[in-house]
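Let's walk through this model together, stopping at a few residues and a few helix pairs along the way. Keep the structure open beside you as you read.

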Amino acid sequence: MTAPVLRSPLAAAFGGMLALTGAMGIGRFVYTPILPFMAETLDLSKSEAGLIAAANFLGYLAGALFAAGGFLPGGRRGWALGALAASAATTAAMAAVSTLPWFLVLRFAGGVASAVTMVFAAAIVLDRLAAAGRSNLAHVHFAGVGSGIAVSAVLVAALAAAGYGWRIQWYASGAAAAGALLLVLFLLPRERAAAEPAAAAPAADRPGPRRRALIVAYGLFGFGYVITATFISAMVRLTPEIAPIEPYVWLTVGLAAVPSVALWTWIGRRAGNAASFALACLVEAVGVAASVLLAANAAAVLFAAALLGGTFMGITALGLIMVRDLSTGDPRRMLALMTASFGLGQMIGPAFAGYVSEYTGSFTAPSLVASALLVVAAGLVMRIRGAAPPAQAAAPVRDR
């Protein structure tokens with residue numbers, strides 16, 4: 001297996017955290033707080049807004065499938081850094097265009113970049129932590145998404161308060177992602193290219209029943225969280241009773257996400273990762289349903305935002321940790337298949353929600369469908385038994 005070198009486990013975890021801050025928390029999710037300003041200025045319909053989000057998630061799916069290929073030249077670190085740079089560039093470029101086709105192209109490209117960053121950075125960091133016996137630091141790596149969401153929420157709110165519109169918001173977000181890249185250059189571990197495991201037990205990489213159940217559940221989770229994650233700021237703005245809390249809703253999601261991975265992996269070490277994953281899905285289902293059923297109550301919507309933020313990265317991390325524990329050799333292929341399933345679910349969600357909400361006049365129906373699918377995911381993942389907890393990730397468990 002590739003041996004990451006030159007960085008301590010903690011530095012590697014922080015490098016991974018900053019990579020996810022730039023590519024995921026900012027590059028991927030900053031669309032949510034910027035969307036209301038774009039929709040107001042450009043007169044975007046709900047279906048158009050959903051298509052733009054879906055284009056990003058289609059790119060995420062394509063990027064995951066691309067990263068799954070064993071034909072890519074060069075080391076994993078180079079791909080992670082290059083993808084992070086592409087994420088920053090496509091984020092900033094959103095400010096330079098104003099038509100739907102260009103928005104779709106740029107968000108698709110940004111989705112590819114974010115998935116490639118996620119897959120390669122996770123493979124590097126989780127391997128480094130496992131090799132050092134410090135898999136308990138995985139929560140630091142995955143906290144990058146919540147940190148990026150919080151940064152983007154504060155950045156967009158501050159710019160809006162100063163009178164700057166959606167174009168400056170995109171430019172500033174791209175600059176913030178580029179700043180993260182500069183730090184990642186120093187922190188993400190280097191690798192010995194000669195140690196690449198080009199032929200690592202191909203039979204073990206074929207998904208068995210447990211991994212198939214996990215992959216399907218991960219896709220349902222992708223659909224289940226993404227409608228609220230994409231449209232919650234727009235939903236708040238469209239509800240006069242709670243419109244003043246709009247700047248705080250996305251910030252609540254981000255702040256709740258930061259400690260969520262530590263919480264859910266802690267539960268996983270005690271109750272089992274499958275039980276922790278399932279419980280988090282059920283908690284998130286409550287938050288998704290509450291965001292529309294109690295939409296006129298500001299406290300309830302902030303609580304729903306906290307439940308969403310406090311679970312979605314925990315579930316993301318648990319899924320990737322579980323599939324890594326079930327893999328042998330380089331975990332990149334299984335990480336990429338999980339990411340692809342997740343990407344498919346979250347690609348369908350926004351487009352589905354956009355069209356259904358235009359037909360029904362609200363996001364209630366699609367959000368309740370999402371909540372129900374999270375419950376299904378919780379039941380499905382409980383079929384997975386015996387995966388090693390994060391602290392034992394250095395000894396992968398063979399799928400049965």
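Glutamine 346 lies in helix α13, which covers residues 332–360. Please keep in mind that the model you are looking at is predicted. Is glutamine 346 buried or exposed? Its relative accessibility is 0%, and because buried means under 20%, glutamine 346 counts as buried. The side chain of glutamine 346 has a polar partner there: a polar contact of 2.8 Å links it to the side chain of tyrosine 225. Setting aside residues up to four places away in sequence, glutamine 346 touches Arg28, Phe57, Tyr60, Gly222, Phe223, Tyr225 and Val226.

Next, turn to helix α3, residues 46–68, where you will find alanine 55. With a relative accessible area of 11%, alanine 55 is buried too, since the cut-off is under 20%. Which residues does alanine 55 contact, once neighbours within four places in sequence are left aside? They are Leu104, Arg107 and Phe108.

Helix α2, residues 31–42, is worth a look for its length. A straight helix of 12 residues would span 16 Å at 1.5 Å a residue, yet the end C-alpha atoms of α2 are only 14 Å apart. Within α2, the buried residues include Tyr31, Thr32, Pro33 and Ile34, and Leu35, Pro36, Phe37 and Met38 are buried as well. Just after α2 comes aspartate 43, with a positive phi of about 60°.

Now for two helix pairs. Helix α6 (residues 138–161) and helix α7 (residues 166–187) have axes that come within 10 Å and cross at roughly 145°. The crossing of α6 past α7 is right-handed. On the α6 side, the contact is made by Leu155, Val156, Leu159 and Ala160; α7 contributes Ile168, Gln169, Ala172, Ser173 and Ala176. Sorted by class, this contact has 7 nonpolar and 2 polar residues, with no charged ones.

The other pair is helix α5 (residues 100–131) with helix α12 (residues 298–325), packed at an angle of about 65° with their axes 12 Å apart. Here, α5 passes α12 in a right-handed crossing. Met118, Leu126, Asp127 and Ala130 of α5 meet Thr316, Leu320 and Arg324 of α12. How many charged residues does the contact of α5 with α12 have? There are 2, alongside 4 nonpolar and 1 polar.

Methods: Residues numbered from 1 in each chain as written. Predicted model: local features only at pLDDT ≥ 70, side-chain atom pairs only at ≥ 80, totals over all residues. Heavy atoms only, no water. Axes fitted to C-alpha atoms, helices over the stretch in contact; angles between N-to-C directions. Helix = DSSP H or I, 4+ residues; strand = E, 2+ residues; numbered from the N terminus. Left-handed = near helix turned anticlockwise from the far one by under 90°. Contact = heavy atoms within 4.5 Å. Nonpolar A, V, L, I, M, F, W, Y, C, P; charged D, E, K, R; others polar. Buried < 20%, exposed > 50% of the residue type's maximum accessible area, 1.4 Å probe, protein only. Polar contact = N/O pair within 3.5 Å; in protein donor to acceptor, adjacent residues only side chain to side chain. Expected span 1.5 Å × (residues − 1).
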